[in-house]
Amino acid sequence: MSSDRQWMYNRMRGGYLNPKFVDGVHVFVQFAISQPEWNDGPRIRCPCSMCKNRKFLETENVKLHLVQKGFVPDYYEWRFHRETTTRRNYEQGASHTSTYATESPGPYHTMVMDAGGPDLDFDTMEESPNSIAKKLYEMLQAADQALWPGCEKHSQLSAVARLLNIKSEYHLPERCYDSLLEFMKEALPQRNTLPENFYETKKMVEGLGLPVEKIDC
């Protein structure tokens with residue numbers, strides 16, 4: 001991912017703005033505009049090193065900020081502008097007609113972002129964490145993490161949500177749920193990310209309003 005976006009952190013060249021950086025900023029802004037459901041009307045999140053995706057600005061101001069201050073560190077994947085690791089490979093040309101092809105982040109990724117709201121800032125998590133934001137950040141990671149390396153049908157979060165739905169619909173006791181998880185972890189490929197038990201499952205999805213009632217019958 002990062003190899004095709006080195007331009008993001010090569011802003012200057014020989015004391016002048018790098019033309020590739022300017023072209024890349026234009027492409028980024030066009031991509032952000034194409035995701036209206038993740039914007040605040042005509043304004044988009046500004047990923048400059050000062051705003052850090054915390055502020056929505058007019059597109060011209062975003063361009064100006066990026067030219068003046070550069071991108072926030074390690075933002076090769078535009079995750080706050082609806083881009084995920086499933087983005088298809090692309091070739092970036094020098095013209096302003098370059099585009100990026102993306103796939104939908106999926107309902108669980110979107111669900112986590114919706115739970116956090118437009119003002120939630122994941123980039124400052126290490127600087128000023130709070131319990132709610134940290135949980136949402138961890139769930140966002142779970143929504144993007146494959147159930148096992150190479151799995152294309154389920155993420156860690158989508159699998160857990162499906163299991164919780166089954167538990168709720170059929171009123172499975174906690175011990176039955178734990179036994180089911182134990183068997184599934186044995187049957188799935190190694191390095192799978194399925195939780196060990198119901199307790200770990202509850203910790204993973206706190207904040208999303210998924211059915212996690214405890215049944216001891």
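Figure 1. K63 has a relative accessibility of 21%, so K63 counts as partly exposed. The cut-off for buried is under 20%. E60 forms a salt bridge with K63. The closest N and O atoms of E60 and K63 are 3.5 Å apart. E60 counts as exposed, at 53% relative accessibility. Both residues sit in helix 2, three residues apart, which means a separation of about one helical turn. The model shown here and in the other views is predicted.

**Figure 2. Overview of the protein chain.** The chain has seven helices and four strands. Along the sequence, the elements follow the pattern β-β-α-β-β-α-α-α-α-α-α. Of the 217 residues, 43% are buried. The chain exposes about 12,200 Å². Carbon and sulfur atoms supply 50% of that area. Among contacts with a separation of 6 or more, 54% join residues 24 or more positions apart.

**Figure 3. The salt bridge of R5 and E83.** The structure holds four salt bridges, and this view shows one of them. The side chains of R5 and E83 meet at 2.7 Å, N to O. R5 lies in the segment before strand 1, and E83 lies in the loop between helix 2 and helix 3, so the pair ties together parts that are 78 residues apart in sequence. R5 has 0% relative accessibility and counts as buried. E83 is also buried, with a relative accessible area of 0%. The two side chains make a polar contact as well, again at 2.7 Å.

**Figure 4. The salt bridge of R82 and E37.** R82 pairs with E37 in a salt bridge. Their closest N and O atoms are 1.7 Å apart. R82 is in the loop between helix 2 and helix 3, while E37 is in the loop between helix 1 and strand 3 (44-45), so the pair ties together parts that are 45 residues apart in sequence. R82 counts as buried, at 19% relative accessibility. E37 is partly exposed, with a relative accessible area of 46%.

**Figure 5. Aromatic rings of F31 and W78.** The structure holds nine aromatic pairs. In the pair F31 and W78, the ring centres are 5.6 Å apart and the planes stand at 50°, so the pair is tilted. F31 lies in helix 1 (residues 19-33) and W78 in the loop between helix 2 and helix 3, so the pair ties together parts that are 47 residues apart in sequence. Both residues are buried. F31 and W78 also belong to one aromatic cluster, with W7, F21, F28 and F71.

**Figure 6. Aromatic rings of Y177 and F198.** The ring centres of Y177 and F198 lie 5.5 Å apart, with the planes at 80°, so the pair is edge-to-face. Y177 is in helix 6 (residues 174-187), and F198 is in helix 7 (residues 198-205). The pair links distant parts of the chain, 21 residues apart. Y177 and F198 are both buried.

**Figure 7. A nonpolar patch on the surface.** M12, L17 and V22 form this patch. Together the three residues have about 230 Å² of accessible area. M12 is placed in strand 1 (residues 12-13). M12 counts as partly exposed, at 43% relative accessibility.

Note on methods: Residues are numbered from 1 along each chain as its sequence is written. This is a predicted model: local features need pLDDT of at least 70, side-chain atom pairs count only at pLDDT 80 or more; totals for chains, interfaces and linings use all residues. Side-chain values use heavy atoms; hydrogens and water are left out. Patches are made of residues with over 30% relative accessible area and no salt bridge: like charges are joined within 9 Å, nonpolar side chains (Val, Leu, Ile, Met, Phe, Trp, Tyr) within 5 Å. Accessible areas come from the Shrake-Rupley method with a 1.4 Å probe; for residues, only the protein chains shown count as cover. Helices (H or I, at least four residues) and strands (E, at least two) are DSSP runs, numbered from the N terminus. Buried means under 20% relative accessible area, exposed over 50%, partly exposed in between (1.4 Å probe, protein chains only). A polar contact is a pair of N or O atoms within 3.5 Å; within protein, one must be able to donate a hydrogen and the other to accept it, and residues adjacent in sequence count only if both atoms are side-chain atoms. Contact means heavy atoms within 4.5 Å. Rings of Phe, Tyr and Trp (its six-membered ring) pair if their centres lie within 6.5 Å; planes under 30 degrees apart count as stacked, over 60 as edge-to-face and the rest as tilted.
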